[in-house]
Amino acid sequence: MTTVENTPARPAVEAIRHHYEISNDVYRIILGPPMMYSGGYWNEGEDLREGHDEAQYRKLDAFIELAKAKGANKVLDIGSGWGTMLDRVTRLHGAKKAVGVTLSRTQKEFVDSLGNPDVEIIVESWADHTAEEKYDAAFCVNALEHFVLSSLPPKERINSFRHFFGHVHSLLKEDGRFVLHMMTIEPPPLQRKLLDDLKFLQREEFEGCYIPHTHELIQAIGNKFEIIEIKNERETFSEACRAWLLNLADERERAVALSSEEVVQRFERYLDIFAYTLEDKVFNNFRIVLQRNP
């Protein structure tokens, strides 16, 4: 198996590590105990911060149910972050084995520290991942935005997304389900602040990453999968960003001590950008449930 540890560093790898390989303790301040870096499912009237942790776990439980991953022999999480999905699907939902792939070495250290013998975390690209036994279900929760370079011509970007879905198809059993949370972008209004903020996201904080238009994503899925559900859940992510900003504000001094003033300012800016662009419907955040076709 080829891993990024055994190949020359690629710009995409370094761009991802620029964002994700700061102190895990800083992420703990921002994300709280769930260590889940995506939208949550708040109940109506639930307080944004007080309900945050349960909202994250509620989202994971919903995804596991949609993927039909309860009691599965083997599941995959692509861009698995700090392993919360992997840990939960095995400990609470009876999956026998959960495998995660990430490019972040610090995330692997965190997942390994959980001490879950049913979880395996691998530092490698999704494109390099192979498996002798096909997976019953797979997840990709707000990670696909990192997998295609914005510098590619439009046709090559779609082909890259198509390659991604084809590779997941090859890893899944027939009728296996694949559940995603995935951002897409609408044509942005020509406003200077918005355009500057989008440039910051693409050129600095998430250098080279590409958030597709919705039609590009659907085109890339093609006939490899049946689309069981596609649901826009912008508010789940915007509310999470607002909660994370409040968490960071409360422990800002400690976060600076654990990283730097520059890192904290970057995080404050990008979280605010994601929050308001989702609220203003510039970005979408789709929950997509796919089922593998033969």
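How many helices and strands are there in the protein? This predicted model holds eleven helices and seven strands.

**Figure 1. Overall fold of the predicted model.** The C-alpha trace spans about 50 × 45 × 45 Å along its principal axes. Buried residues account for 56% of the 294 residues. Take the contacts between residues at least 6 apart in sequence: 74% of them join residues at least 24 apart.

**Figure 2. Surface and charges of the protein.** The accessible surface comes to about 13,000 Å². Carbon and sulfur atoms contribute 49% of that surface. The protein carries 36 positive and 48 negative charges. Their mean positions are 4 Å apart.

**Figure 3. The loop between helix H3 and strand E1, at Lys68.** Helix H3 covers residues 52-66, and strand E1 covers 75-78. Lys68 lies in the loop between them. Its phi is positive, about 55°, although Lys68 is not a glycine. Most residues other than glycine have a negative phi. Is Lys68 buried or exposed? Its relative accessibility is 56%, over the 50% cut-off, so Lys68 counts as exposed.

**Figure 4. Gly71 in the loop between H3 and E1.** Gly71 has a relative accessible area of 39% and is partly exposed. Which residues does Gly71 contact, leaving aside its neighbours within four places in sequence? They are His93, Gly94, Ala95 and Lys96. Met36 gives a distance for scale: Gly71 and Met36 are 35 residues apart in sequence. In space, their C-alpha atoms are 22 Å apart.

**Figure 5. Asn142 in the loop between strand E4 and helix H6.** Strand E4 runs over residues 135-141, and helix H6 over 154-171. Asn142 lies in the loop between these two elements. Asn142 has a positive phi of about 50° and is not a glycine. Its relative accessible area is 9%, under the 20% cut-off, so Asn142 is buried.

**Figure 6. Helix H7, residues 192-205.** Helix H7 has 14 residues. At 1.5 Å a residue, H7 should span 20 Å. The end C-alpha atoms of H7 are 19 Å apart, which agrees. Which residues of H7 are buried? They are Leu194, Asp197, Leu198, Phe200, Leu201 and Glu205.

Key:
Residues are numbered from 1 along each chain as its sequence is written. This is a predicted model: local features need pLDDT of at least 70, side-chain atom pairs count only at pLDDT 80 or more; totals for chains, interfaces and linings use all residues. Side-chain values use heavy atoms; hydrogens and water are left out. Helices (H or I, at least four residues) and strands (E, at least two) are DSSP runs, numbered from the N terminus. Buried means under 20% relative accessible area, exposed over 50%, partly exposed in between (1.4 Å probe, protein chains only). Contact means heavy atoms within 4.5 Å. Accessible areas come from the Shrake-Rupley method with a 1.4 Å probe; for residues, only the protein chains shown count as cover. Lys and Arg count as positive and Asp and Glu as negative; His and the chain ends are not counted. The place of a charge is taken as NZ of Lys, CZ of Arg, CG of Asp or CD of Glu. The expected span of a helix is 1.5 Å times one less than its number of residues.
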